[in-house]
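User: Please take a close look at one packing contact in this model, and then place it in its wider setting. I would like the cut-offs behind each term to be stated as you go.

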Amino acid sequence: MIKRLVAAAAAGGIALALTACGGGTGAATAGGSGGDGGKVTQIKLVAAEYSKDNTAAFWNKFAAAYKAKTGIDLNVQVVSWDDIDQQSSTMLQNNAAPDILNLNAYASYAKDGLLYSSDDVLSDAVKGDLLPNFVQSGTYQGKMYGMPDLSSARALFYNTDIFAKAGIAGPPKTWDEFTADAKKITALGDGTVGYAMPLGPEEAQAEFSIWMFNNDGNWKTDGKWTVNSPQNVDTLNFLKSLAVTDKVTQNNPGKTNRTDGAFPLFQSGKAGMVVGFSPLAATLDKDAKVHYATAPMPTKAGGTPSTYGVTDYLMAFKKPGNQDAVKAFYDLYYSPDQVNTFIKAEGFLPVTKSGVQYFASDPKLSTYLNTLTGAKLTPTDDPNWDRVKLAVQQNIGAAVAPNGDPKAVLDALQAQAQSGG
Amino acid sequence: MRRTSSDGVGAAATVVPAPPRRHRPRRARAADSGRGDVRSLTALPWLGPALVLIAAVVVYPAIELVRASMSDYSITGLRKGSAGLANYAKVLAHPDLGTVLVNTVVWVLAVLVLSLVISLGLAQLLGKEFFGRKLVRWAVIIPWAASLVITARLFTLLLDYNYGIVNRFLIAVGLRDTPIDFLGDDRWTMPSMIAVGVFVTVPFTSYVLLAGLKAIPADVHEAARVDGASPWQAYTRITLPLLRPALLVATVLNIIYVFNSFPIVYTLNDRNPGFAHDTTITFMYKLAFKSADKSVGMSAAAGVANVLLILVVVLAYLRVSRWREATDG
């Protein structure tokens, strides 16, 4: 995208670049309809790139299997997470939606009436196999539109060497213990950080969610937005005090992103604790530099921990003659051979009951799997969330700055959520 | 233009059998009075490819941009209908617009002025004969040749709070006790971006000015020396005035280039929430894809405003600097 922007700037002025890009991506989209009886002979999948090594490899193999089974060509376009929002938006502007789109949101598309619901394209066997909390998060106004492709759940990662050095026996169970442990770690000096907190724009909503869920807060309660509930204000005040009063986080947590900020600190052995997920574990295992363990998140008062779960979606666009082809796509994708192979290669977690059984034998995943069925998700079933999420990413970091005002920030977000985004 | 049309006449003359000598003046007059028809038609095959290219690359996207700016889009990118001027109104009412405009002015002016000053010195140096000049000239070109995204990404590593070599250096030589958060501290973010902006703008500017210096005839300087001018007098009274065309070119091109610079501002600023350090270009991008507005229409409206803004600025500058006099004289 950026490269294209630069090229377009050279050609005619950067202000024109947005539309110039639009023409480019739209033109590349396959039409696909035609053939006998209005049935398509090819469909197009736009998939998000979870990893350079595995994503494209999986989908290309999948396309071959799909072609062998149905005789329909599956054109695969793998797009990086950085670009996929732009690309999908541009495709829709040009009336060139793909048949299947893999994204972390779906509700706005459902609201615009663009998608097939599960009634149209999922067989009963497949739908019955999906984990109920993911079915729920994929359901907009009573119909399921967002088919989960894979999931991840967060857990507290802690550096066991640092814990031993600081004389901490085990992972903290309450927020008080957490603060005390983080102080001990920070006191080790030499730039050691108690807790690496990424509240920068990349994925601030995830970091805040997991803390919020462990203080009995939520984004929505009983169908109403509760972004600025007393518990949530309390949670954000706690995060601010970690950063500003106790100074047990890395410098400037409101401007630290996850992948290029907090994770590297933990990977280099500089941070005692971080909230991570299975791909981080895979990286740490590969580097074999840092000794670590995972634990459930500490809760405010020591109650039952909640996990923050994330799932992405494979949504299907209504286009003439593609319904059967799309249905065949889902049938094949959710066959255990395919979906579990993909999830295993990418290091994520299953979205199906059969998948949970399949992965149960892997001891490394037990921390996550045990909590997966009870994992809380962000309200992706509400189209307003698609805007609220962006507002959270762009604003919540300000709350943990020295002059930040958590209550005011959450009040503004609540107003935004209630005003329909 | 002049050359193309005279070629056209020449081509017409070769097609038509050579007329008798006495008719020649009349034919010439006929061609003159028939300006328009003959010339434009015969010129078309030569102009055609360029016109098609301009239409496809400049005119069509511009029309699409204006159309998009007056449309109502869903967050998914679906066009829902016409929006009239509502997108423009929303951009003008955006609470962060003021910050963004101030940032843009600071960014363009600072990068422009610093680059020109540094480049004036550098161009003098590069114009002199010295051992290893070729190497130095190549070294100056490299920041220009490297992709802006790569350069910007490299600087995020150099300026990193935890691992950055700049902070390591500052602490090692005892200038600082604690690292500086170059890209996260609000006081340092804009200066850091400007420093990188200057770094990538200096090469081009230096070479434009170097070319300008080389175009100054040696005898003017010789005459000044004979008349007893000091080196400083020679520089301010002879070199600088004669450099004016080159300075003008460098300034105008840099205004446009720096104003439109996306990769540096975006990459160095990507960890910072909100719009506190955005210029109008990254503002436009965030409106479309990153902010809660997520509106293609607003972004397109901001894009149209950007084009108009830069046009006005450049035209105003050319007027003030009396471009014609400088370049013709």
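Analyst: Angles between axes count as roughly parallel under 35 degrees, roughly antiparallel over 145, roughly perpendicular from 65 to 115, and oblique for the rest. The model is a predicted one, in which local features need pLDDT of at least 70 and side-chain atom pairs count only at pLDDT 80 or more, while totals for chains, interfaces and linings use all residues. Residues are numbered from 1 along each chain as its sequence is written, and chains are lettered from A and ligands numbered from 1 in the order in which they are written.

The part examined here is the packing of helix 5 (residues 97-127) of chain B and helix 11 (residues 231-259) of chain B, whose axes come within 9 Å and cross at roughly 140°. Helices (H or I, at least four residues) and strands (E, at least two) are DSSP runs numbered from the N terminus; axes are lines fitted to C-alpha atoms, for helices over the stretch in contact, with angles from 0 to 180 degrees between N-to-C directions. Helix 5 of chain B and helix 11 of chain B are therefore oblique to each other. The crossing in which helix 5 of chain B passes helix 11 of chain B is right-handed, a crossing being right-handed if the near helix is turned clockwise from the far one by less than a right angle, and left-handed if anticlockwise.

On the side of helix 5 of chain B, the meeting residues are Trp107(B), Val108(B), Val111(B), Leu112(B), Ser115(B) and Leu116(B), and they face Ala250(B), Thr251(B), Asn254(B), Ile255(B), Val258(B) and Phe259(B) in helix 11 of chain B. Contact here requires C-beta atoms, placed from the backbone, within 7 Å. By class, the contact of helix 5 of chain B with helix 11 of chain B divides into 9 nonpolar, 3 polar and no charged residues, where Ala, Val, Leu, Ile, Met, Phe, Trp, Tyr, Cys and Pro count as nonpolar, Asp, Glu, Lys and Arg as charged, and the others, Gly among them, as polar.

Helix 5 of chain B also holds Leu114(B), which is partly exposed because 17 other C-beta atoms lie within 10 Å of its own. On that scale a residue is buried at 20 or more other C-beta atoms within 10 Å, exposed at 12 or fewer, and partly exposed in between.

Of the contacts in chain B between residues at least 6 apart in sequence, 69% join residues at least 24 apart.

Chain B also touches chain A, in a contact that takes 39 residues from chain B and 46 residues from chain A. Helix 3 (37-69), helix 7 (148-158), helix 13 (280-289) and helix 14 (296-320) of chain B each supply at least two residues of the side that touches chain A, and helix 3 of chain B gives the most to that side, with 7 residues. The side of chain B that touches chain A has 21 nonpolar, 12 polar and 6 charged residues.

Two loop residues of chain B complete the setting. Asn162(B) lies in the loop between helix 7 and helix 8 (165-172) of chain B, and it counts as partly exposed because it has 18 C-beta neighbours inside 10 Å. Leaving aside residues up to four places away in sequence, Asn162(B) touches Leu265(A) and Lys270(A). The C-alpha atoms of Asn162(B) and Ser230(B), 68 residues apart along the chain, are separated by 50 Å. Lys294(B), in the loop between helix 13 and helix 14 of chain B, has 26 C-beta neighbours inside 10 Å and so counts as buried. Most residues other than glycine have a negative phi, whereas phi of Lys294(B) is near 30°, a positive value.

A further helix pair, in chain A, can be set beside the one examined above. The axes of helix 12 (residues 230-243) of chain A and helix 20 (residues 406-418) of chain A come within 9 Å and cross at roughly 135°, which means that helix 12 of chain A is oblique to helix 20 of chain A. Helix 12 of chain A passes helix 20 of chain A in a right-handed crossing, and the residues of this contact divide into 4 nonpolar, 2 polar and 2 charged.

Conventions
Two residues are in contact if their C-beta atoms, placed from the backbone, lie within 7 Å.
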